[in-house]
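Open the model in your viewer and have the residue selection tool ready. The stops below are meant to be taken in order.

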Amino acid sequence: MFKNFSIEKIIIFLFTVILAFAVYRILTADIKITLIPHITAVNFLYQMRFEFIPGIGYREAGGLFIIGQSCIGARLFICLFLILSICRIDNYEGFLKKIGRIFLFCITAVFLAYIITVFRITASIPFCRLENFQLIHTIFSLMVYFASGIGLYTFLSYKSEKKIINKEEWKIWRNYWFL
């Protein structure tokens, strides 16, 4: 009945959930620090000034918009981390190798979440003076988040189905190029 049921899978699953929760808590604990990449990108691209308001986030000096806790991408991180973990963890043999890969997936998911949220914020700024900016920003955010999740899943599915080079071919290719 439970063919794929094992203690190892339960431990891996629990470890993944605990790690996701811990990183989520870290990302949302101090928004003054975790929003620095977002503010830096907006400063670089649009030369805007910001002031930090405790409990709210960074407010653009002219009051056009606020980059707050919901802009960090912590929930997007969880989605990307789970997509990476679910799609790829069975490709590895050995308990310790799987635990190591989960850490790698976690780092990758944080990195991707930051890139995607910075893109989402910087691409929305040209619309901030429009009357229905909040609606435009929300729709754009949903499109970017959905596309990034589907894109990551599609990429991982493609990579796992398409075995481009087996180990023997890799050794030949590596020896050819790196002699």
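**Ground rules**

This is a predicted model, in which local features need pLDDT of at least 70 and side-chain atom pairs count only at pLDDT 80 or more, while totals for chains, interfaces and linings use all residues. Residues are numbered from 1 along each chain as its sequence is written, and side-chain values use heavy atoms, with hydrogens and water left out.

**Stop 1: the whole chain**

Colour by secondary structure. The protein has seven helices and three strands, where helices (H or I, at least four residues) and strands (E, at least two) are DSSP runs numbered from the N terminus. Along the sequence the pattern reads α-α-α-β-β-β-α-α-α-α.

Next, colour by accessibility. Of the 179 residues, 34% are buried; buried means under 20% relative accessible area, exposed over 50%, and partly exposed in between (1.4 Å probe, protein chains only). A contact means heavy atoms within 4.5 Å. Among contacts between residues at least 6 apart in sequence, 67% join residues at least 24 apart.

**Stop 2: helix α4**

Select residues 74-88, which form helix α4. The expected span of a helix is 1.5 Å times one less than its number of residues. For the 15 residues of α4 that gives 21 Å, and the end C-alpha atoms are 21 Å apart, which agrees.

Which residues of α4 are buried? They are A74, L76, F77, L80, F81, L84, S85 and R88. These residues cover an arc of only 160° around the axis, which puts them on the same side of α4; the arc is that of the directions from the helix axis to the C-beta atoms. On the other side of α4, R75 and I86 are exposed.

Now zoom in on F81, which lies in α4. F81 is buried, with a relative accessible area of 0%. Leaving aside neighbours within four places in sequence, F81 is in contact with T16, L19, A20, I102, F105, C106 and A109. Draw a distance from F81 to V17: the two are 64 residues apart along the chain, and their C-alpha atoms are separated by 9.7 Å.

**Stop 3: helix α3**

Select residues 36-46 for helix α3. The buried residues of α3 are H38, I39, A41 and V42. Their arc around the axis is only 160°, which puts them on the same side of α3. Show what surrounds them: the buried residues of α3 pack against α2 (31-34), β1 (50-53), β2 (57-60), β3 (66-68) and α5.

Centre on H38, which is found in α3. H38 is buried, with a relative accessible area of 1%. Not counting residues up to four places away in sequence, H38 touches I67, C71, I72, Y114, T117, V118 and I121.

**Stop 4: α3 against α5**

Axes are lines fitted to C-alpha atoms, for helices over the stretch in contact, and angles run from 0 to 180 degrees between N-to-C directions. α3 and α5 are therefore oblique to each other, since angles under 35 degrees count as roughly parallel, over 145 as roughly antiparallel, 65 to 115 as roughly perpendicular and the rest as oblique.

α3 passes α5 in a right-handed crossing; a crossing is left-handed if the near helix is turned anticlockwise from the far one by less than a right angle, and right-handed if clockwise. To see the contact, select P37, H38, A41, V42, L45 and Y46 of α3 with Y114, T117, V118, I121 and T122 of α5.

**Stop 5: α1 against α5**

E8, I11, I12, F15, T16, L19, V23 and L27 in α1 meet F95, K98, I99, I102, F103, C106, V110 and Y114 in α5.

Pick I11, in α1. At 39% relative accessibility, I11 counts as partly exposed. I11 and F95 are 84 residues apart in sequence and 9.4 Å apart in space, C-alpha to C-alpha.

**Stop 6: Q47**

Go to the loop between α3 and β1, where Q47 is placed. Is Q47 buried or exposed? At 57% relative accessibility, Q47 counts as exposed. Its phi is near 50°, a positive value in a residue other than glycine. Most residues other than glycine have a negative phi.
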